[in-house]
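This report sets out selected features of one protein model, taking a cavity, a sheet and individual residues in turn.

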Amino acid sequence: MASQAPQDEAGHRSDSDDRQPVLAVVGRPNVGKSTLVNRILGRRAAVVEDVPGVTRDRVAYDATWNGRRFVVVDTGGWEPDAHGLAARVAEQARAALDTADAVLFVVDATVGATDADEAVARVLHRSGLPVVLAANKVDDSRGEADATALWSLGLGEPHPVSSLHGRGSGDLLDAVLEALPPAPRERFEEVDGPRRVALLGRPNVGKSSLLNRLAGTQRSLVHDVAGTTRDPVDELVTVGGETWKFVDTAGLRRRVREASGAEYYSSLRTAAALEAAEVAIVLLDASEPLTEQDQRVITMAVEAGRALVLAFNKWDLLDEDRRLTLEREIIRDLGRVAWAPRVNVSATTGRAVDRLALALRTSLESWGTRISTGRLNTWLGEVVAATPPPSRGGRLPRVLFATQAGVRPPRFVIFSTGFLEPAYRRFLERRLREDFGFAGTPIEISIRVRERGEKRR
């Protein structure tokens, strides 16, 4: 079982100055690729469920074995003669070969070499890449003979392994290290410190389509089946002349605690991707009424304390009546995030997607804004003098002073002689935004009540 290399909070490979060789894991659907990836990583990172086709995108993770680091790319099940969504999955698996330095070909030893396995083997032969053949689901010595039969694929020695129980995984990883070159076969331009953007939204609002539009390539799978994306997919894209690190996440159908199976683990990783991001783009379907799911995703981003941009997709489908209706919905349902920049886009036509860059910069600048203590208290004194807090229990609380406790997001602590009502806190937040901006970022205001006689430190 491989030990864990440094990674980001989303569980994916982190940027580093030295690139590592890449191992692409390929095979038919439901042969145990993702289970084997988890075995290699030593943790449950890839989505696993006992149905075929759970993994659909290619996703990269850092791994280490015997002190040597490498990158593992988990791919969707490869069916060479697939159609529709399955064909797009196969394209992703084939694309993984373009950036791989070696291939781990996983075959179900209990089934034997199928026509699809033989077709994949022919593609791997033509690729010229080193191939390690994993004969999976050999749970005991009785399955050794099944593994031996896979010599027929012409890819060299089959390595018997049980991804479920770990049997033979050490020997398999030793073979992987022998196949991997000391360094990647090609180096890509590294970008210093791209800002991290989580692309969020309920299923089928067009997240993957938007990412593909921004990246200029078919990076994430797009299909009219809701929920095509299961794992977060990272991509460096250039928008507005600046490089950003986008993460296309699984659509959030329901609360994490109410999800099950693959959806549960996808939801966990979507939440982790948000935690690792600096700013969230919440994509909304402008052609449909706003839903409770949309509200939940926005709440998730705000409660995570991330900068926020609202992008209304499918704008090309709106007629004048729908635009008027949408404006009423925004005023009624999204008043609590009226501070978030709005961009009306179309992932299909490319309409206004470049405007996302300005909105992202605006939100991130506000997210990191700090107000000096002197300026903050001058402002607070003027606001409180004009609009004192309401009395509570017959006593009028006195606001003493304030300080900004932190940024990203901006956090303020107000000291007073009594409790300040939530309505008054919202009033102070509204005035902060009116006078200092803070477009695109949540603001946290906490009240510290000082007892009589307590001195200021």
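## Cavity, sheet and buried residues

The largest cavity is lined by L376, W379, L380, A402, F412, I414, L428 and L432; a cavity is a set of points on a 1 Å grid over the protein atoms alone where a 1.4 Å probe fits but cannot get out, and lining residues have an atom within 4 Å of a point. The elements that contribute two or more residues to this lining are α11 (373–386), β14 (411–416) and α12 (422–436), and α11 gives the largest share, 3 residues. Helices (H or I, at least four residues) and strands (E, at least two) are DSSP runs, numbered from the N terminus. The lining consists of 8 nonpolar residues, with no polar and no charged ones; Ala, Val, Leu, Ile, Met, Phe, Trp, Tyr, Cys and Pro count as nonpolar, Asp, Glu, Lys and Arg as charged, and the others, Gly among them, as polar. About 50 Å³ of space lies in this cavity, and the count of cavities of 30 Å³ or more is 2. Grid points are joined across faces, edges and corners, and a volume is the space filled by probe spheres set on the points.

The model is predicted: local features need pLDDT of at least 70 and side-chain atom pairs count only at pLDDT 80 or more, whereas totals for chains, interfaces and linings use all residues. Residues are numbered from 1 along each chain as its sequence is written, and side-chain values use heavy atoms, with hydrogens and water left out.

An open sheet of 3 strands runs in the order β13-β14-β15, with mixed pairing. β13 (399–406) and β15 (444–449) are the edge strands, each with a single partner strand, so one side of each has no neighbour in the sheet. From one strand to the next the twist averages 25°. Two strands pair if DSSP finds at least two bridges between them; the two pairings are as follows.

| Strand pair | Sense | Bridges |
|---|---|---|
| β13 and β14 | antiparallel | 6 bridges |
| β14 and β15 | parallel | 6 bridges |

Within these pairings, R448 in β15 is the bridge partner of F415. Two helices pack on the sheet: α11 touches β13 and β14, its direction making about 140° with that of β13, while α12 touches β14 and β15, its direction making about 130° with that of β15. Contact means heavy atoms within 4.5 Å; axes are lines fitted to C-alpha atoms, for helices over the stretch in contact, and angles run from 0 to 180 degrees between N-to-C directions. A402 stands opposite I414 in β14, and both residues also belong to the lining of the largest cavity. β13 and β14 form a hairpin with 4 residues between them, and R408 in the turn has a positive phi of about 55°.

Elsewhere, V239 lies in strand β8 (residues 233–239) and is buried, with a relative accessible area of 1%; buried means under 20% relative accessible area, exposed over 50%, partly exposed in between (1.4 Å probe, protein chains only). Not counting residues up to four places away in sequence, V239 touches L214, W244, F246, V353, D354, A357 and R361. L214 is itself one of the buried residues of helix α6 (residues 207–215), and α6 is followed by G216, whose phi is positive, near 70°.

S366, in helix α10 (residues 355–367), is also buried, with a relative accessible area of 9%.

Key. On a 1 Å grid over the protein atoms alone, a cavity is a set of points where a 1.4 Å probe fits but cannot get out, and a pocket is an open set with protein on both sides within 12 Å along at least five of seven lines; lining residues have an atom within 4 Å of a point.
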